[in-house]
Amino acid sequence: VRNLAYTVTVESLTELFSKYGEVTNSNIAKRKRGEKDTSKGYGGVTFASVKEATAAREALDGAEFEGRNISVHYAKAREE
């Protein structure tokens, strides 16, 4: 999930995506800024099934969330 507002929390991200199925994991990429961790503006959501992930992607790609239009794509597998 790209273009997240810096105020988005893991809880609010999970709540948004759980409308489309069982979210098994979600995270927001963070960077260390002094004493605080701040959002990098992107994160990830994992669903229990591909069908649920597809429904969420189709519904939310380009949707407005907390003042920004988010971009939802499937993650690419990392090469080792």
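In the predicted model, lysine 32 and aspartate 37 form a salt bridge, with 3.8 Å between the closest N and O atoms. The structure holds one salt bridge. Its two partners were assigned to separate accessibility classes: lysine 32 has a relative accessibility of 60% and therefore counts as exposed, while aspartate 37, at 45%, counts as partly exposed. The cut-off for the exposed class is over 50% relative accessible area.

The strand pairing was examined next. Strand E1 spans residues 23–33 and strand E2 residues 36–47; the two pair in the antiparallel sense, and nine bridges connect them. Within this pairing, isoleucine 28 stands opposite glycine 43 of E2. Two residues lie between the strands of the E1 and E2 hairpin, where glycine 34 takes a positive phi near 65°.

The largest nonpolar core comprises 16 residues. Leu4, Val8, Leu13, Phe17 and Ile70 are the members with the most contacts inside this core. At least two core residues come from each of helix H1 (10–17), strand E1 and helix H2 (50–60). For leucine 4, contacts were considered with neighbours within four places in sequence left aside. On that basis leucine 4 is in contact with Leu13, Ile28, Gly41, Tyr42, Gly43, Phe65, Arg68 and Ile70. This list includes Ile28 and Gly43, the residues that stand opposite each other in the strand pairing.

Along the chain, lysine 51 and tyrosine 6 are 45 residues apart, and their C-alpha atoms are separated by 29 Å.

The largest pocket was characterised by its volume and its lining. The space in this pocket amounts to about 720 Å³. Its lining consists of 23 residues, and those lying nearest the pocket centre are Val1, Gly44, His73, Tyr74 and Ala75. Strands E1 and E2 and helix H2 each supply at least two residues of the lining. The greatest contribution is that of E2, which gives six residues.

Terms used:
Residues numbered from 1 in each chain as written. Predicted model: local features only at pLDDT ≥ 70, side-chain atom pairs only at ≥ 80, totals over all residues. Heavy atoms only, no water. Pairing = 2+ DSSP bridges. Helix = DSSP H or I, 4+ residues; strand = E, 2+ residues; numbered from the N terminus. Salt bridge = Lys/Arg side-chain N within 4 Å of Asp/Glu carboxyl O. Buried < 20%, exposed > 50% of the residue type's maximum accessible area, 1.4 Å probe, protein only. Core = buried A, V, L, I, M, F, W, Y, C linked by side-chain atoms within 4.5 Å. Contact = heavy atoms within 4.5 Å. 1 Å grid on protein atoms, 1.4 Å probe; cavity = no way out; pocket = protein on both sides within 12 Å on 5 of 7 lines; lining within 4 Å. Points joined across faces, edges and corners; volume = space filled by probe spheres on them.
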